[in-house]
Amino acid sequence: MGKLPPKPPAPAKQTVRFPPAPPGFKAPRPPPPVSGFTVCQAGGDPHVRSLLLPLYTCNDTGTITLSDNTYFTVTARAVRAPLAAGGGDTTAGGASTLASVSIRLKRATTGMASTLTYSGTKTWKNAKYGTVQVRKYKSRAVPAALWVTIIAPAAGATGMCHDARACSAPVALPPINATSVLSNKAVSACAKIKTAMPDMIPACAWDVQTTGDTAMAGAWNTANADYAAAAKAVKDNVYRYVI
C-alpha cells in the first residue's frame, strides 16, 4: 500500500484590520425591545392613563406636557370648563378640558422640525415614530373639548403620560361605590362601555355627572376603543425604533 500524500500546510493566520473610525463617530445604539413604546390617553376632566401608569385626573390649566420623547413633544392647552348645576368637582371654577393639542417634531431624530396644532378631530401618524390621534367631542356643558391618544417611545421620556408627578393639580376621584357622590344614572351609563377597566368607570361617571350629560359616556366609549387599538398596535410590534 502506497504512502498517503503529505498534509497540506496550515493556512497562514490572517489579521483583518478595519480602518479607524472618523473623529466624533458614535456607534449606533441597538434597538430597544418592543416594550420601548407606550400608549397614553388624556381627555375628559382631563383623565390620564397609559400602559405605564394607572388612571389619574389632573386639573392643571395652561400648557401641559403630555409626552416629551425621543422623536416629538406633545403638549395640550388645558382650559377651565363650566360644570352642570350640582356638579361635584373638587376644584374651584370647574373642570379642566383640552382645547388644543400640539405636536413638535424633533429634527435631531426625525429629520423634520415642525409644529402641528389640532383643535378638532385629526390624526398624525408615522410608522417609525408614533401616532397622535385627536378626537373632538361635545356635551351640553362643554361646547367642545378633545381626547388625545398617543403612541410614543417610553425610554427617557417625560411628561404626564410617563410620570403622574408632572401634574401639579391632581384630583382624587370618588370610588365607584360612593353613591352619595356618583349617581346611579352616571355609573350605569359608563358601566355599559365595552372592555371598560375598573378604574375607568368612576372617571367616566364623574364626567357624566359633572357635565350633566350622558353623552359623555359615548365619548368615553370611543376613547376606550382608540386606546385598545393603540395598545394592540404596540403589542403587535407595529412601531419600532429606527435610531
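Which residues does Thr-117 touch, not counting residues up to four places away in sequence? They are Ser-100, Val-101 and Ser-102. This is a predicted model. Its protein chain has 4 helices and 11 strands. Of the 243 residues, 47% count as buried. Among contacts with a separation of 6 or more, 61% join residues 24 or more positions apart.

**Thr-117 and its strand**

- Thr-117 lies in strand 7, which covers residues 115-118.
- Is Thr-117 buried or exposed? Thr-117 counts as exposed, because its relative accessibility is 52% and the cut-off for exposed is over 50%.
- Thr-75 is 42 residues away from Thr-117 along the chain. The C-alpha atoms of these two residues are separated by 9.3 Å.

**A cis peptide bond**

- The peptide bond from Asp-45 to Pro-46 is cis. Its omega is near -10 degrees.
- Pro-46 sits in the loop between strand 1 and strand 2.

**Helix 3: length and cover**

- Helix 3 is built from 12 residues. From first C-alpha to last, helix 3 reaches 17 Å, close to the 16 Å expected at 1.5 Å a residue.
- How many residues of helix 3 are buried? The count is 12 of 12, and the helix is described as mostly covered.
- The buried residues of helix 3 include Met-200, Trp-206, Asp-207 and Thr-211.
- What do these buried residues pack against? Their partners are strand 2 (47-50), helix 2 and helix 4 (215-235).
- Pro-202 is one of the residues in helix 3. Pro-202 counts as buried because its relative accessible area is 9%, and buried means under 20%.
- Pro-202 and Ala-186 are 16 residues apart along the chain. Their C-alpha atoms are separated by 8.9 Å.
- Gly-212 follows helix 3. The phi of Gly-212 is positive, near 70 degrees.

**Helix 2 against helix 3**

- Helix 2 (residues 184-191) packs against helix 3 (residues 200-211) at an angle of about 125 degrees. Their axes are 8 Å apart.
- Helix 2 and helix 3 are therefore oblique to each other.
- Helix 2 passes helix 3 in a right-handed crossing.
- On the helix 2 side, the residues in this contact are Ala-186, Val-187, Cys-190 and Ala-191. On the helix 3 side, they are Ile-201, Cys-204, Ala-205, Val-208 and Gln-209.
- By class, this contact has 8 nonpolar residues, 1 polar residue and no charged residues.

**Helix 3 against helix 4**

- The axes of helix 3 and helix 4 cross at roughly 145 degrees. They come within 9 Å.
- This crossing is right-handed.
- Helix 3 brings Met-200, Ala-203, Cys-204, Asp-207, Val-208 and Thr-211 to the contact. Helix 4 meets them with Met-216, Ala-217, Trp-220 and Asn-224.
- The residues in this contact divide into 7 nonpolar, 2 polar and 1 charged.

**Helix 4: length and cover**

- Helix 4 has 21 residues. It reaches 31 Å from first C-alpha to last, close to the 30 Å expected at 1.5 Å a residue.
- Buried residues of helix 4 include Trp-220, Asn-224, Asp-226, Tyr-227 and Val-234.
- What covers the buried residues of helix 4? The cover includes strand 1 (37-43), strand 2, strand 9 (130-137) and strand 10 (145-153). Helix 2 and helix 3 are also part of the cover.
- Ala-229 lies in helix 4 too. Ala-229 is partly exposed because its relative accessible area is 48%, which falls between the cut-offs of 20% and 50%.
- Ala-229 and Val-39 are 190 residues apart in sequence. In space they are 9.8 Å apart, C-alpha to C-alpha.
- Asn-237 follows helix 4. The phi of Asn-237 is positive, near 65 degrees.

Conventions:
Residues are numbered from 1 along each chain as its sequence is written. This is a predicted model: local features need pLDDT of at least 70, side-chain atom pairs count only at pLDDT 80 or more; totals for chains, interfaces and linings use all residues. Side-chain values use heavy atoms; hydrogens and water are left out. Axes are lines fitted to C-alpha atoms, for helices over the stretch in contact, and angles run from 0 to 180 degrees between N-to-C directions. Helices (H or I, at least four residues) and strands (E, at least two) are DSSP runs, numbered from the N terminus. Angles under 35 degrees count as roughly parallel, over 145 as roughly antiparallel, 65 to 115 as roughly perpendicular and the rest as oblique. A crossing is left-handed if the near helix is turned anticlockwise from the far one by less than a right angle, and right-handed if clockwise. Contact means heavy atoms within 4.5 Å. Ala, Val, Leu, Ile, Met, Phe, Trp, Tyr, Cys and Pro count as nonpolar, Asp, Glu, Lys and Arg as charged, and the others, Gly among them, as polar. The expected span of a helix is 1.5 Å times one less than its number of residues. Buried means under 20% relative accessible area, exposed over 50%, partly exposed in between (1.4 Å probe, protein chains only).
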